[in-house]
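Work through the exercises below with the sequence and the model at hand. Each task is followed by a solution in steps.

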Amino acid sequence: MTARRDEILKELGLTPVWRLRTPSAAPAEVPASGSADDPPALRNPVVAQSQAREPEAIRGLPKVVPLDARATGIAQLEWPQLKESVAACVACPLHAERNKTVFGVGDEAAEWLFVGEGPGAEEDEKGEPFVGQAGKLLDNMLAAINLKRGKNVYIANIVKCRPPGNRNPETAEAARCEPYLHRQIALIKPKLIVALGKVAAVNLLKRDAPVASMRGKLHAYQGIPLIVTYHPAYLLRSLPEKAKAWADLCFAVETMHGLQSGKAAPI
Ligand code: SF4
């Protein structure tokens, strides 16, 4: 482990607990599965988890949600038009009090996509997701797994405009904004999505459950592997959960290694 990572983990208050495991190590809460008699996909632990541990949640959902006319139009947009459309959007009440829309930031061909909830006050001022203390923690979490904002990483939110008072976005607001995130994901084509916090997880997975019950498993968003962990803002308030978040990041790294090596079949 490098001195830089030690510094990061120390800042996160996670040493000596947070240690990036080797790619071959199985996540602690997920037993390795598969045998020589299994189909190839099931011999891979990542795929085995997706099929053996979470199939009912995924199989119960349509892979492609039917789109209305507005969503169909958004689904045709390329990056420049998509950005213009978001900047001018008045499709839900959140537009009324925003200063800036927060489109998302990062590598538009990233393998990693991190999705949060919605802009806070600082994000609304700057027009960029995850600035301020939560953003700093997210950047440190990324650095701890050798990632960097903007480099093979894209960061977006469920809604592009700040909910007043930093409340959670309402279901209808998230639904109106969803086509934008859909299109971003279609354009980025990430290998792995990391849902940061309950709002992101619930809206992406269409399933209301606590983060504690969704983390540690491999889910899917329209065929793209998805992992759930805690929102950095929550981690700032709940220090004991940091070790769990680190375990989630290790699981994500391990999953990504499987995807990059081609050993994990699409979900
Ligand atoms: Fe439009 Fe999304 Fe902003 Fe609502 S939150 S006004 S749908 S960009």
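Helices (H or I, at least four residues) and strands (E, at least two) are DSSP runs, numbered from the N terminus. The model is a predicted one, in which local features need pLDDT of at least 70 and side-chain atom pairs count only at pLDDT 80 or more, while totals for chains, interfaces and linings use all residues. Residues are numbered from 1 along each chain as its sequence is written, and side-chain values use heavy atoms, with hydrogens and water left out.

**Exercise 1. Helix 10**

Task: State which residues of helix 10 are buried and what they pack against.

Solution: 
- Buried means under 20% relative accessible area, exposed over 50%, partly exposed in between (1.4 Å probe, protein chains only).
- By that cut-off, Val199, Ala200, Ala201, Asn203, Leu204 and Leu205 are the buried residues of helix 10.
- Since 6 of its 8 residues are buried, helix 10 is largely enclosed by the rest of the structure.
- Contact means heavy atoms within 4.5 Å. The packing partners are strand 2 (112-116), helix 9, strand 4 (192-196), helix 11 (211-214), strand 5 (219-221) and strand 6 (224-229).
- Just after helix 10, Lys206 has a positive phi of about 55 degrees.

**Exercise 2. The second largest cavity**

Task: Find which residues line the second largest cavity and which helix gives the most to the lining.

Solution: 
- On a 1 Å grid over the protein atoms alone, a cavity is a set of points where a 1.4 Å probe fits but cannot get out, and a pocket is an open set with protein on both sides within 12 Å along at least five of seven lines; lining residues have an atom within 4 Å of a point.
- Grid points are joined across faces, edges and corners, and a volume is the space filled by probe spheres set on the points.
- Helix 9 and helix 10 (198-205) each supply at least two lining residues, and helix 9 gives the most, with 4.

**Exercise 3. The largest cavity**

Task: Locate the residues nearest the centre of the largest cavity.

Solution: 
- The volume of the largest cavity is about 110 Å³.
- Of its 16 lining residues, Cys89, Cys92, Arg98, Cys161 and Cys177 lie nearest the centre.
- Helix 9 (residues 171-188) gives the most to this lining, with 3 residues.

**Exercise 4. Helix 6**

Task: Explain why the buried residues of helix 6 lie on the same side.

Solution: 
- In helix 6 (residues 79-87), the buried residues are Trp79, Leu82 and Val86.
- They lie on the same side of helix 6 because they cover an arc of only 60 degrees around the axis. The arc is that of the directions from the helix axis to the C-beta atoms.
- These residues pack against helix 5 (69-74), strand 3 (153-157) and helix 9.

**Exercise 5. The largest pocket**

Task: Identify which helix gives the most to the lining of the largest pocket.

Solution: 
- The largest pocket has about 620 Å³ of volume.
- Among its 30 lining residues, Glu117, His231, Ala233, Tyr234 and Arg237 lie nearest the centre.
- Two or more residues each come from helix 7 (121-126), helix 8 (132-144), helix 10 and helix 12 (232-237).
- Helix 12 gives the most, with 4 residues.
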